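Open the model in your viewer and keep the selection tool at hand.

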Amino acid sequence: MLDLDDPRWQTLEGGYRVLYDASPALKALEAGEDVWEELWQELHHQGDLGPAAYAAVPQLARIAARAPRHWNFYALVATIEIERHRNTNPPVPPWLAADYHAAWEAILRLALQDLPAAEEALLVQSLLGCIALAKGDAVLGMLIAHNDRSEIEAMVAEADPAWSGLHESKGRP
C-alpha cells in the first residue's frame, strides 16, 4: 500500500488526467474530516480515472476499517472499480495491483459486515454494488451501483409492467 507520506502521490494523475496528490485528503479523512466531495471530484471525472484513484482504494479501505462507514465510501470505491473496466482508463499499475486486489477483499468483508444493519437506501445500494464487484461481477456491480433508483425502477417496469409501482414501498415483510 502506498504510504500517505510517500512522494509518489505527487506524481499520480487523478480523474481530470492531471496530477492530483490524494494523500492530504486521505489524511484529513483519517482525521475525521469530511473530504468526500474533494475525493469524488478529483479521483473520478465523467468516467475518467488516473492511477491516483487506484492508489486511494487501499487507503480508503484501511481508513474505513477503523471508522464509521457510510455510502460515500462504498459508492466511491465502486465507481473506481466500475470505471477501471472502461478501456479509456489506464490499468492498475503493476506496483499497486496486489494492494488494490487485497483492498477489494477487505471491502467485501466490510460490506458483508455492514449490510445487516444498513437501512438507508443509498447505503444498501452501494453495499450491494460493492459485493457484486468484489465477487468479480462487474456487470451486476455496475447495474446496482451505477444506476440511480429511478433508472433501476424503469428497467424493472420495462421488463415486466406489473412491477411499474415497485417504487411505492409496501414496507418490510
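The lining of the largest pocket has 7 nonpolar, 1 polar and 4 charged residues. Here Ala, Val, Leu, Ile, Met, Phe, Trp, Tyr, Cys and Pro count as nonpolar, Asp, Glu, Lys and Arg as charged, and the others, Gly among them, as polar. This is a predicted model: local features need pLDDT of at least 70, side-chain atom pairs count only at pLDDT 80 or more, and totals for chains, interfaces and linings use all residues. Residues are numbered from 1 along each chain as its sequence is written, and side-chain values use heavy atoms, with hydrogens and water left out.

Stay at the largest pocket. Select Ala121, Val124, Gln125, Leu128 and Arg149, the closest to its centre of the 12 lining residues. (A pocket is an open set of points on a 1 Å grid over the protein atoms alone, where a 1.4 Å probe fits, with protein on both sides within 12 Å along at least five of seven lines; lining residues have an atom within 4 Å of a point.) Now colour helix H6 (121-134) and helix H8 (149-159): each supplies at least two residues of this lining. (Helices are DSSP runs of H or I, at least four residues, numbered from the N terminus.)

Next, the second largest pocket. Select Leu29, Trp36, Ala67, Pro68 and His70, which lie nearest its centre among 14 lining residues. Helix H3 gives the most to this lining, with 3 residues.

Last, go to Arg8. Arg8 lies over the face of Trp95, 4.7 Å from the ring centre. (The rule asks for CZ of Arg, or NZ of Lys, within 6 Å of the ring centre and within 35 degrees of the ring normal.)
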